[in-house]
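Trainee: I would like to work through this model by questions. Where do we begin?

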Amino acid sequence: MATETPLVALSDARMHFGAVRALDGVSLTIRPGECVGLIGHNGAGKSTAVNVINGGLAPTAGTVTYALPDGSTGTGPAAARAAGIRSVFQELSLCPNLTVEENLRIPQRDLTGPGWRRRAARRISNALDAVFPGHRIRPKTTVGDLSLAERQMVEIAMGFAEGAAPARLVILDEPTSSLDASIAHHLMDHVKAFCARGGAVIFISHMLGEVFEVATRIDVMKDGKITDSRPRDGFTQQGLIDAMGHVASAPAEARRAASAAERIGEDVLLRTEEGLTARRGEIVGLSGLAGHGQAEALARFFLSRSAGMGHARRPEVVFVAGDRARDGIMPLWSILRNVSLTTLSALSRRGLVDRDAEARVGEDWRKRIGIRTGNMSNNILSLSGGNQQKVLFARSLASPAPIVVMDDPMRGVDVGTKREAYDMIRAEAEKGRTFLWYSTETEEVCRCDRVFVFRNGRISAELTGDEISEQHILAASFEMQEAAE
Amino acid sequence: MSARYRILLPVVSLAVLLAAVFYMQPRAMSYFGLNLLFNLAVPIALATVAQMMIIMVNDIDLSVGTFVSFVACVTATFLHDTPLLGGLILLAAIAGYAAIGALIEARQLPAIVVTLGMSFVWGGLAVLILPSPGGAAPDWIRTLMTAKPPLVPMAIVASVLLAVVAHVLIMRTSTGAILRAVGGNARAVGRSGWSLVQLRAGAYALAGLFGVLSGVTLVGLTTSADANIALRYTLLSIAGVILGGGEFTGGRISPVGAVIGALTLALAGSFLSFMRLSPDWQIGAQGAILILVLAVRLLFARSGRRKEAQHG
């Protein structure tokens, strides 16, 4: 039967970049109706696997075969497009200077000639309506004017949009990293419906709950290989984390209550106009639905405290960016230069940077934080996303600033790196640093000592101690909207 | 600043400057006066559109001025004496521009360096063709540039036509959308299977085409050429693009704005003459006008962001 032929078949696919074996013999098939959850920590080869599956990279060895709609099979990027393989990439890949409808023109080559705009607008509107009912995104809006969440919604909708070759396999790489829970839920529903109609999806996410919700099969990748592949019910969450090679470190949780009391000082260290307060050594979480003013509150606070003379030498507050490409990394610089950025003035003597001291700081942080690189003078882009984020942590923590502001820093970071980062934050808090931590993941917020829930740009609840729980946060995020409906 | 308001500032600056000129010299408010004011703006506007094509793909072209001079020299000699050969040379020049674009993309070279180098090549070729000022304009271009259409002077008609053509080409067609996408996010374009070499070559070829038009129309106005005739076009064209609401990076450009920006810069020259400012000071004063307009734009952008923050 036609539906039984796999849409994509990888046979012992290998991808080597010099000495690095990004893919080390991967064989997998994806059939219509399947939703494959692909998990693994950063650097496990997921992104390479995606690029090999969608035809963007030709494997150095092995084969990738696509089933074309006419029943034949083919290889190469053109066949991948004809077979209806679509990819939604992890980092946002829209053109911010174009409108939503113009962006659809980039993957869809048949949008040309008179009336192409109208066709593009119809396709993207239909797709947005289907995936995210009630989205309020108009096709004539310039993408640069959209919020991060809305851009991600547009990108996902482009993956499912009608085109010359209808979408048959959509690869979603961290599709919900900027979406809040309710919008992510629309996506889950759409993925399930799409697969029920005979489409296929590869779903890559670090949110295991989502993977368990949509996937029919889960493939675990480690070191460029698929190490485990079972139907969803064959796994438990803990089992998955173990399979990825990171062992859960539960004691950190237990330590929390005991240490918090002595760690946190008495006096209020900072107070903002919104009503955010934090004490010395406290980890303060900002929560609520994405895009309700948390990032803006952090940015306002950071800018008000970081302006003025002398900030570079004795910073009062440092910033850990979540949008790495926009706010974080210096893409042309080495790892070391990226780490030492905030400490340069402390490292310099008579206006010249002491290169040896800089190298010592870099080496110290490479060990402390576990940046996986052989050489700190490699370009920052040679690191995987999670390791780039570690560099940003190192950059901020290397400075003596007593307050650290974090704008959703764990976006698209693997579970193992997250665990390491959590421990590091706690250790730094015990040394007396204060953290302001905005996160879109409730699990992270629950690690904080005090949580402010934002709604419509205002604080709707302040939670401490045992009050910090998913139910309370959700209640504070949603209350008003339910009442209005 | 969203695209809709992007065009507002250049329009207002042109209107303010025009009002100032009319106030100081009411006789300029006539068919003849307007033609005189804007006549030399047409080649500048064409050069500005050429520069815009390059800025659109996140590059900058430092060879526009010498390229236009080179084209002017070819027009006043070869295109006048042996039109077929002249036309072929100009076509080859456009192909040369496309090749530069392809080279910049294929070898990942910085455009600013390559075009700076090319400016010496074009300048040298211009001197070889026309060592001393001279030559003659082909009759057809002379006729075209000195035509007197009813009601509206030729300079205005040509500017409007240029703005419309450039707008449709870049902002409305699907090819234009892809070219702007290269400036916005080249990686995403490449990943969708487009050839970035071809696209960048295409943008440069368009720049070459408009540069050629600029040189030809310039000779149509001046009737003769000189190897240094358009050197200041390089900076004028960059200023025109930015004045017209364009940005150096991100593929954010406005063709209509670029034409208006070029007209504003040309008008600023006339305005300063009317103020009886010595030519020695004019370039500085032109710069001051540019800084003023850009400062206003920054203020607008800031208040726009503040409003967004309040509503957001």
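Mentor: We begin with a term: a salt bridge is a side-chain nitrogen of Lys or Arg within 4 Å of a carboxyl oxygen of Asp or Glu. This is a predicted model, where local features need pLDDT of at least 70 and side-chain atom pairs count only at pLDDT 80 or more, while totals for chains, interfaces and linings use all residues. Residues are numbered from 1 along each chain as its sequence is written, chains are lettered from A and ligands numbered from 1 in the order in which they are written, and side-chain values use heavy atoms, leaving out hydrogens and water.

Trainee: How many salt bridges does the whole structure hold over all chains?

Mentor: Side chains of opposite charge can pair when their charged atoms come close. A search of the whole structure, over all chains, gives a total of 34.

Trainee: Take A:Glu316. Which residue forms a salt bridge with A:Glu316?

Mentor: The closest N and O atoms of the pair are 2.8 Å apart. A:Glu316 sits in the loop between α10 (294-306) and β14 (317-320) of chain A, and the partner is in helix α10 of chain A, eleven residues apart. Helices (H or I, at least four residues) and strands (E, at least two) are DSSP runs, numbered from the N terminus. The partner is A:Arg305.

Trainee: About how much area do chain B and chain A bury between them?

Mentor: Buried area is the accessible area (1.4 Å probe) that two parts lose on being put together, summed over both. Carbon and sulfur atoms account for 47% of it here. The total is about 1,800 Å².

Trainee: Which three residues supply more than any other three of the area that chain B buries against chain A?

Mentor: Together they give 28% of what chain B buries against chain A. They are B:Ser174, B:Arg191 and B:Trp194.

Trainee: How many residues does the contact take from chain A?

Mentor: Contact means heavy atoms within 4.5 Å. Chain B gives 22 residues. From chain A come 21 residues.

Trainee: Across the interface of chain B and chain A, how many residue pairs are in polar contact?

Mentor: A polar contact is a pair of N or O atoms within 3.5 Å; within protein, one must be able to donate a hydrogen and the other to accept it, and residues adjacent in sequence count only if both atoms are side-chain atoms. With both residues at pLDDT 80 or more, the number of pairs is twelve.

Trainee: Which element supplies the largest share of the side of chain B that touches chain A?

Mentor: α9 (154-172) and α10 (174-191) of chain B each supply at least two residues of that side. The largest share is twelve residues, and it comes from α10(B).

Trainee: At about what angle do α9(B) and α10(B) pack?

Mentor: Axes are lines fitted to C-alpha atoms, for helices over the stretch in contact, and angles run from 0 to 180 degrees between N-to-C directions. The axes of α9(B) and α10(B) are 5 Å apart, and the angle is about 70°.

Trainee: How is α9(B) set relative to α10(B)?

Mentor: Angles under 35 degrees count as roughly parallel, over 145 as roughly antiparallel, 65 to 115 as roughly perpendicular and the rest as oblique. The angle therefore makes α9(B), relative to α10(B), roughly perpendicular.

Trainee: Which residues of α10(B) does α9(B) meet?

Mentor: From α9(B) come B:Leu169, B:Ile170, B:Met171 and B:Arg172. In α10(B) they meet B:Ser174, B:Gly176, B:Ala177 and B:Arg180.
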